[in-house]
Structure formats: structure tokens, C-alpha cells
Amino acid sequence: ARARAGYPIAVPTDAALGAPDEVYVRVLRDNATQVTLVYRQRAGIPVSPSAGVSAVVVYLPGIFERGFLGKVAGPGTQVELITVNDSDGAWLSGQPHQLLYRTGSQTDSDELRLAGNTLVWQQGPTTIRIEAALDQATALRSAGTMRP
């Protein structure tokens, strides 16, 4: 996945997640590549009834802009702008939402995979999203363990 992505992939080393069970690479518009790490059942993290997994980590080849969040978060979604690993980020909880990000001069969207909370931030040239039924402190701890 790292070779195919064309951008750095920093993987969480949090013991609560462990190694991913599956890794998916998807080619998007203009040959941009999305990488998704899938974590099946994990102790202490509920399994999403809609997807049958505990967590996903998604890497998008683009720029995360916090200003877009209000445009894609519905009234049942709470958005808290925060700093993640010294970068702009956000904590989204509540109802499902979409994520907008920029690739070049275009704006692309990516949808929620699990019915869980989402931590999203910019890390280098990549937007990273952790989705799971975690609280904010636990998600931030996992994000802090990202290593190349």
C-alpha cells in the first residue's frame, strides 16, 4: 500500500488496535490513491453493526480544510475543531457526515464508513481519518502513535 499510495503512510502503533487485519488501496480520480486500514474486532472497541469492524483508518491524498466541515455536517453531528499531532484537525461525533478535502484545484468527498466517531487531521500531504466508537481522548492517543 505504501508503494502504491505515492505519499507517506504513517500507521498507528497503538496496542489497542494492533496490526490491521486488512489493507485496501483504491485509485480515485486523477490516479490519486486512497488507503484504508481495517481493524476487525478489537477488545474495548465495539464492532460497528453496519460494517462488522471495530475501526478503520483512512488516508486521503489531499488537504483537509476545517472550513468545509460545517457544510457537510448535518444538525445531528457535533464538530469540534482541535489540534492533532500539531496539525489542524477535528473531532466529529453524532450523526453520519461526509468529509471534503482538496486534491489540486478540485474538491473531493469521502463518506463515513462506520457509525462511529471520527478524528480527522492533516499530516503532511495527507488527510487521515480514524473512525471507531472511541472517545476523543482515546482517538487522540491512537493518532499520537502514528509511525511511518
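Trainee: What makes helix 3 an element that lies across strands 6, 7, 10 and 11?

Mentor: Helix 3 (residues 136–143) lies across strand 6, strand 7 (87–94), strand 10 (117–123) and strand 11 (126–132), and runs at about 40° to strand 6. Helices (H or I, at least four residues) and strands (E, at least two) are DSSP runs, numbered from the N terminus. Angles run from 0 to 180 degrees between N-to-C directions, with axes fitted to C-alpha atoms, for helices over the stretch in contact; contact means heavy atoms within 4.5 Å. The model is predicted: local features need pLDDT of at least 70, side-chain atom pairs pLDDT 80 or more, while totals for chains, interfaces and linings use all residues. Residues are numbered from 1 along each chain as its sequence is written, and side-chain values use heavy atoms, without hydrogens and water.

Trainee: How do you know that strand 3 and strand 4 pair?

Mentor: Pairing requires that DSSP find at least two bridges between two strands. Strand 3 (residues 33–39) and strand 4 (residues 55–60) have 5 bridges, in the antiparallel sense, so they pair by this definition. Tyr39 stands opposite Ala55 in strand 4.

Trainee: Why is one side of strand 2 and of strand 6 left without a neighbour in the sheet?

Mentor: The open sheet of 7 strands has the order 2-3-4-11-10-7-6, with antiparallel pairing. Strand 2 (22–27) and strand 6 (77–84) stand at its edges and each has a single partner strand, so one side of each lacks a neighbour.

Trainee: What makes a set of residues a nonpolar core?

Mentor: Its members are buried Ala, Val, Leu, Ile, Met, Phe, Trp, Tyr and Cys residues joined through side-chain atoms within 4.5 Å, where buried means under 20% relative accessible area (exposed over 50%, partly exposed in between; 1.4 Å probe, protein chains only). The largest has 25 residues, with Val57, Tyr59, Leu119 and Trp121 making the most contacts inside it.
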